[in-house]
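Here's a quick tour for anyone meeting this structure for the first time. Have a look at the model, then read on.

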Amino acid sequence: MTERDRALGMDRKITRRDLLNGVAVGMGGAMAESVIPGLGWVGLNSSTAAQDEPGYYPPALTGLRGSHQGSFEAAHLLRDGRSPAKNVPPPDTKETYDLVIVGGGISGLAAAYFWRAKNPNARILILDNHDDFGGHAKRNELRANGRMLLANGGTWAIESPFPYSAVARALMDELGIDPARLAKKCYRNEVYKNLGNAVFFDKQTFGTDRMVTHAPGGWKGGAGAEEWTVFLPETPLSAEVQRDILRVQTEAVDYFPGLTSEQKKDKLSRISYKNYLLDVVKVHPGVIPFYQTRTHGLFGVGIDAVPALDCWVLLQPGFQGLQLEPGPHPRMGYTPKGFASPKEPYEFHFPDGNATIARMLVRNMIPAAAPGHDVEDIVNTKFDYSQLDKTDSAVRIRLNSIVVSAQHVSNPAEAKQADVVYVRDGKLAAVHGKNVIMACWNMMIPYLCPELPEKQKEALRYGVKVPLVYTSVAIRNWKSFEKLGVHSVACPGMYHHQMNLDLCVDIGGYESPKKPDEPILVRMERTPCLPGLPERDQHRAGRGDLLATAFETFERNIRDQFARVLGGAFDPARDISAITVNRWPHGYAYEYNFLFDPEWPKGESPCEIARKRFGRIAIANSDAGAAAYTDQAMDQAWRAVQELQSA
């Protein structure tokens, strides 16, 4: 170990390993060489499924989470033409269900909920490849100084560019989730009232390491010339770059004189924000690194791959003088188009993100899994995972089960059921469904359902999910942040582009930290991409990056970033208590980007073709709506249920 690693604390014993009962969760049992050649999994020496073992509780696991080891290997073999079920007849469980759902995220859970609303006595099985339910809506529990701290492992909040549909809104109401009421009651915005925003300029990108506090307008804009003239001289940027940033932020210039607002919008929709700044605003190239990662959090790519029009909607600077009329435009992406349309506020962040919604759905359908009665008491509730797959339960959730096949038993037009084959604990098994909903990542469906029409399979493969990392770091206290006077730091050139103190939310007995000497979570975001390529190719490159990155690399970069950003007031070897890296190589659903995607006629976009019902198999997931939002996951579940129930 190097001296630098030792100083960072790479040798310190913190909560970082993804283990439960001494073995990797989701890998119980031996993966027989005859079932999946070349892949040996060693785990629990027991015939009992991992989720039924005493002490099984995945939210408490730290280290590398999200798409964790054991959740994707069989699927990758299937993708590579080495199906675990090839030439190996799976043992028949003799289990037949009214509905089998592939994917236990919010879309899959909502599909089960909607199905039961019309068929209360239906028997439903939900199969999920991960060790926990919720899909991207994962719950993380970290501990520091004996205190449990909650974090979202994926989906951050109840939010959407468009109003929730009547269906999604009704589901939220039935679960007792009222975002406006909860926000008013539970947010503790006053905790950070004396702390501001900062930008950290790193040596590799900007020539020197330098933290500059009091970033104007939350650093993304909204401030006047006076604030920028104070901020910019403190940065390591050259005088020319500073001058151009000041111009972008404060000057009102009409760069398209003589054009109407609609013509300007059309023009902006056909160039990236990067090219707009370089070719239209004529900024120095050194300006670009300052803005490059501003779109990472929403789209997983930088401003080189996001239309300038979308950036105007997202309140990025440089458009003040264009006098664009408010409102959407046909060539806006889904998220910007929604933001450009007026809607009532309907947002709330639970301490564990939208994992609370997933947990509410599960408790509603499997009451034995968790006590309680409302959306507030569930936040502190510990689930009993051994109750999720009981034979006497109308709804069953089977975790660590990677589906490798879903096919009709006869001609799809006439079939009365489909067989679903999955790998669990290294063994194949088959169940039967009178109906099947594929609520999993849509790009896997062509491999799982090879009998689909070629045009539909091609459409299912079109979307490339956005790779991303949500990292939570538990620290002993946040005195270093208080000393610097910041609660959020933008790091446009670093491994994680953003780091901030966790939002303060008190709900159902869960109390967020409020004093600087208390332990707290620091949230960090990383969206690996390869600037210069079309968006989908950037996502493919980012996915490869995440799958090839060991936890040790994440940890070293996290510790290094803390040390450099917070300086001597923070000792990463001493002050970091736990690290959870939620790695999602297949993260957000892909939204169409008209810099690279065609303008399809209504009904002919890939997601519309891809989600068509096929016999007794219907397709859900937010992928089916080409929009990475919880309400879309619910809407697509509703549609899939309606298609099957009316067939």
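Helices (H or I, at least four residues) and strands (E, at least two) are DSSP runs, numbered from the N terminus. This is a predicted model, where local features need pLDDT of at least 70 and side-chain atom pairs count only at pLDDT 80 or more, while totals for chains, interfaces and linings use all residues. Residues are numbered from 1 along each chain as its sequence is written, and side-chain values use heavy atoms, with hydrogens and water left out.

**The whole chain**
- You'll find 23 helices and 21 strands in the protein chain.
- Its radius of gyration (taken over C-alpha atoms) is 25 Å, close to the 26 Å that the globule rule (2.2 Å times the number of residues to the power 0.38) gives for 647 residues, so the chain is as compact as a globular protein of that length.
- The C-alpha trace spans about 75 × 60 × 50 Å along its principal axes.

**A look at Asn621**
- Asn621 sits in the loop between β21 (617-619) and α23.
- Asn621 counts as buried because its relative accessibility is 9%.
- Its side chain makes polar contacts (pairs of N or O atoms within 3.5 Å; within protein, one must be able to donate a hydrogen and the other to accept it, and residues adjacent in sequence count only if both atoms are side-chain atoms): the backbone oxygen of Ala439 is at 3.0 Å, and the backbone nitrogen of Asp623 is 2.8 Å away from a polar atom of that side chain.
- Setting aside neighbours within four places in sequence, Asn621 has contacts (heavy atoms within 4.5 Å) that include Ser107, Trp441, Lys465 and Gln636.

Note on methods
Buried < 20%, exposed > 50% of the residue type's maximum accessible area, 1.4 Å probe, protein only.
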